[in-house]
Each structure stands twice: as structure tokens, then as C-alpha cells.
Amino acid sequence: MAIKNNVKPDTVLKTFWKNNQRFADLFNTVLFDGNTILKPNDLKEADTDVSSIIKFNNHADTVQRILDVVRKTAYGVDFIIWSLENQEKIHYAMPLRHMIADSLIYLKEYNEITAKNRNEKNFDTSDEFLSGLQKSDRLHPVISLCIYYGKEDWDGPFNLVDMLIMPEYLKPLVSDYKMNLIQVRKSEDFCFENQDINNLFELIRSIYNKDYDTFQRMYKNKELSTELGLTLGSVVNSQSIIKQVLAITEKGSDPNMTDPFDEMLEEMKRKEGEKARLKGRLEGRREGRLEGKREGKLEGKREGKLEGKIEGTINICKKFHVNQEETLRNLIEEFALSDDKAREYMNMYW
């Protein structure tokens with residue numbers, strides 16, 4: 001029995017996006033129309049654990065949340081938090097998840113500022129003491145992005161309001177929370193400067209769309225790293241490509257992907273062939289059952305009519321006091337029945 005490699009897409013993707021060049025290009029392309037807002041050298045690693053204790057009305061509760069990749073950019077004394085989350089399945093509460101995660105980051109900074117203020121007694125008024133913030137204190141912005149890698153089109157909400165049930169006239173009064181999301185299978189309009197992102201997204205799209213020509217063109221004409229191969233294999237759940245990448249990595253002799261993509265292409269075609277054959281068999285069975293039902297109904301109608309006539313003949317014979325033997329002969333002659341079949345009808349209706 002072949003050993004299944006337990007490579008989790010989420011872990012592999014975290015490693016892929018920890019590369020600052022990819023991280024910066026992703027945000028620049030998706031959120032800033034390709035303008036260079038984020039620069040790789042400006043990105044600093046930030047804590048991904050934003051878990052916190054929430055206190056309310058003398059009640060305290062812990063909220064645990066660990067993000068996939070978090071980076072910080074500093075501009076003088078100011079900074080911005082950039083948060084990235086990988087998503088394999090459609091999550092119908094994703095805007096709420098993003099709102100909570102972002103809020104926890106804000107809460108974490110708020111707690112740090114208030115702790116510093118209270119320790120240094122930096123309060124000029126009772127209002128500042130009450131909130132823990134000086135009038136001039138400000139939090140720093142958090143910008144989050146979700147990458148959805150699933151096969152199916154995202155049919156979940158894109159903002160908090162989409163998750164709420166309320167009349168239209170209340171919507172302007174409700175504070176909304178928008179989620180930034182990119183679907184890999186619908187990312188063809190994005191042009192990334194980083195070639196690894198372009199290759200990964202286009203290969204995933206070609207596999208999901210069963211576009212084998214594009215798949216062949218992509219891997220035949222370009223050198224693809226084993227890191228990219230492992231990321232692709234884990235996202236599309238191809239044991240063949242993961243196994244080959246790990247084998248190449250262990251040998252350490254070939255930094256680029258060659259044969260594994262050939263094997264994956266054959267695996268894809270084989271799986272599609274199996275699906276087509278299975279679908280054909282299921283369709284054939286379904287059509288056979290439908291045809292059988294149609295024929296059964298027609299046959300049932302014919303038998304029903306015949307039995308009705310036979311029952312009617314027997315009742316007429318009984319009404320006019322024709323004896324059973326004479327009635328039996330009438331059934332055999334009129335309906336071309338065998339002696340056993342005629343006697344069966346006599347037992348049913350006499």
C-alpha cells in the first residue's frame with residue numbers, strides 16, 4: 001500500500017507567502033492595482049498570535065486566533081499591519097472571522113498603549129484615565145487579505161452586512177465590515193510581477209478548469225522550482241506530484257521540476273477518464289431504470305386493462321348464473337389463456 005504524504009496546504013502556503021517579495025507583490029497587485037505601495041525590504045515579521053482576553057461587565061473570556069502570515073511596515077514612528085489568510089474551503093462566516101482577527105490586533109495595540117500610559121501615568125484628564133488613552137493617542141491600521149484556493153466559485157459573503165438579516169432601511173445605520181478576498185480560480189485578470197505567483201495561480205487555474213493544453217505549455221516552457229511544485233501539489237491535492245517533489249528534494253540533484261509534472265498530467269487525465277467512465281455507467285444505469293419504468297408502466301397498463309376485462313367477464317358469467325367450468329372455457333377461448341392462468345383468475349375474481 002502506498003504511503004500517503006500528510007502535507008497540509010495551509011502549512012505549505014504559509015511558507016510560500018513568508019517570502020517578502022511574494023507577499024509585497026500579492027498586496028500591491030490585488031489591492032493597489034499593481035502600484036508599488038509595499039516594498040519587500042520594508043516588511044518586518046510580526047506576531048501571528050493575536051489571541052486575547054476580552055473583559056466585559058466583570059466577565060472575562062479568552063479569544064484564540066492565530067493568523068497565517070503577518071507583516072509590519074514602518075514609516076518613521078508610524079506603521080501598518082498587513083495580514084494574510086489562506087482559505088481552502090468556502091467559509092460562510094469569513095467576514096466575521098476577519099473582523100474579529102482585525103479587532104484583536106487593534107485590541108492588542110490598545111492594551112499595549114494603555115499599559116504604557118498607566119505605568120508612566122501619562123494622563124492629563126480623568127477622561128484619559130478612564131479610557132487609558134491620551135487624547136492624542138492613535139491606533140495603527142490593519143489591512144487583511146484572504147486568498148481562497150478552492151475549486152468551487154466563492155458563493156459566501158464578502159462583507160458583514162451580507163451576513164445579516166434586516167430590512168433595507170436599516171442597512172445605512174449598521175456598521176459594515178468589508179473583507180478583501182481573491183479567488184485563485186478567477187485570478188486571470190491579475191498580472192503579478194513575481195513569476196512564482198503567476199506560475200502557481202495559472203497552474204492551479206488550468207488544473208481546476210481541466211485546461212491540459214495550458215498546463216502542458218506552462219511546465220514544458222518554463223523552469224519551475226521544487227518549492228513551487230510542492231505548493232501546487234498540496235493545493236490541488238496531488239499525491240503524485242508531492243511524492244516526486246519530496247524524492248527530488250531528498251536526492252538534491254535537480255532543483256527544477258520536470259518528470260513530476262508529466263506524471264501529474266497523466267494522473268489528471270487518468271482521473272478524468274475514470275470520472276467519465278463512472279459518469280457514463282451511472283448515466284447508463286439511470287437511463288436504463290427510466291426506460292424500465294416506462295416499459296413497466298406500459299406493461300402495467302396493458303395488464304391492468306386485460307385483468308379488467310377478465311374480471312368483467314367473470315362477473316357477467318356469475319350474474320347470469322353460468323357455472324365455473326363454462327366460465328373457465330370462456331376465459332381460455334376469449335383471452336387465449338392457458339388452463340392454469342385461467343384458473344388463477346377464477347380464484348381471484350369468482
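This is a predicted model: local features need pLDDT of at least 70, side-chain atom pairs count only at pLDDT 80 or more; totals for chains, interfaces and linings use all residues.
Of its 350 residues, 37% count as buried, and the chain exposes about 22,000 Å², of which carbon and sulfur atoms supply 51%. If you draw the contacts between residues at least 6 apart in sequence, 62% of them join residues at least 24 apart.

Next, select Trp17, Leu26, Leu84, Ile147, Phe201 and Ile204, which touch the most other members of the largest nonpolar core, a set of 36 residues. Colouring by element then shows where this core comes from: among the elements that each supply at least two residues are helix 1 (9–17), helix 2 (20–31), strand 5 (78–87) and strand 6 (142–148). Helix 5 (195–208) also belongs to that group, and helix 5 gives the most to the core, with seven residues.

Now centre on Phe201 and hide its neighbours within four places in sequence; what remains in contact with Phe201 is Trp17, Ile147, Ile182, Val184, Ser187 and Phe192. A second, separate core of 10 residues can be found by selecting Ile310, Leu331, Tyr345 and Tyr349, which are included in it.

Finally, return to strand 6 and select Ser144, which is buried because its relative accessible area is 5%, under the 20% cut-off. Residues up to four places away in sequence aside, Ser144 touches Ser83, His98, Asp102 and Asn180, and the side chains of Ser144 and Asp102 make a polar contact at 2.5 Å.

Conventions:
Residues are numbered from 1 along each chain as its sequence is written. Side-chain values use heavy atoms; hydrogens and water are left out. Buried means under 20% relative accessible area, exposed over 50%, partly exposed in between (1.4 Å probe, protein chains only). Contact means heavy atoms within 4.5 Å. Accessible areas come from the Shrake-Rupley method with a 1.4 Å probe; for residues, only the protein chains shown count as cover. A nonpolar core is a set of buried Ala, Val, Leu, Ile, Met, Phe, Trp, Tyr and Cys residues joined through side-chain atoms within 4.5 Å. Helices (H or I, at least four residues) and strands (E, at least two) are DSSP runs, numbered from the N terminus. A polar contact is a pair of N or O atoms within 3.5 Å; within protein, one must be able to donate a hydrogen and the other to accept it, and residues adjacent in sequence count only if both atoms are side-chain atoms.
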